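User: Please examine the structure shown below and answer my questions on its open space and helix packing.

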Amino acid sequence: MIILDSALAARLLTDPDTRHILAAFQGNGQVIADAARALNLPLETVRYRVRRAVQAGVLVAAGRRARRGRTQTVYRLPLPVFVPGLQVPGGPDTLLHPDEDAFLAQVRRVRAALLAGSGWGLPVTAGTPDLVAELARPEQRGATMDALRTTSAPAVVDISSTLTLSAEDAKALQAELLDVYARYAARQRPGAAHLLGLTLYPASP
């Protein structure tokens, strides 16, 4: 594993557009012109990103390849690489989800559309230590979880909570969440896109 302990490497690898371009250089590598063609991007765009990636050590020259009567440099993305969290733009809190803001904005949009047009809403009831506010219909106050399981309810889960767990229970929950995600991600059958966010962290690292 290659450690890329630089702000430039972190900036490149946390940028979705750059990652998309870098993906073309996996495996045995690629020349810039062929990568640009495969990505359907302007040659100069790819050349600029490659130049920056080489400067940061993200891409390496991996030989030469004959093409149209001349040789061109093959660039390769050596994987896996590791970027220390302190180098990530915005700090370590953006490390795992550099695109989180865009994802959350999309969640907010679809949630607003659901609440606006389907008869579902946000009943607020008493709770300890906080008030309880969960997606439901007005006639289903106090039974939100069960209400969402009915066939007429939308395929929605919207839970934000703090759980007090032993180390063993926390690891067990982690394993179950990952197993459920892997099982459904493997299906990928034709259907509607669904947004999914899974977050589990110790409240005091």
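Analyst: On a 1 Å grid over the protein atoms alone, a pocket is an open set of points where a 1.4 Å probe fits, with protein on both sides within 12 Å along at least five of seven lines, and its lining residues have an atom within 4 Å of a point. This is a predicted model, in which local features need pLDDT of at least 70 and side-chain atom pairs pLDDT 80 or more, while totals for chains, interfaces and linings use all residues. Residues are numbered from 1 along each chain as its sequence is written, and side-chain values use heavy atoms, without hydrogens and water.

User: What volume does the largest pocket have?

Analyst: A volume is the space filled by probe spheres set on grid points, which are joined across faces, edges and corners. For the largest pocket, this is about 2900 Å³.

User: Which helix gives the most to the lining of the largest pocket?

Analyst: Helices are DSSP runs (H or I, at least four residues) numbered from the N terminus. Helix 5 (100-117) and helix 7 (167-185) each supply at least two lining residues. The most, 12 residues, come from helix 7.

User: Is helix 3 parallel or oblique to helix 4?

Analyst: Axes are lines fitted to C-alpha atoms over the stretch in contact, with angles from 0 to 180 degrees between N-to-C directions. The axes of helix 3 (residues 32-39) and helix 4 (residues 43-56) come within 9 Å and cross at roughly 120°. Angles under 35 degrees count as roughly parallel, over 145 as roughly antiparallel, 65 to 115 as roughly perpendicular and the rest as oblique. Helix 3 is therefore, relative to helix 4, oblique.
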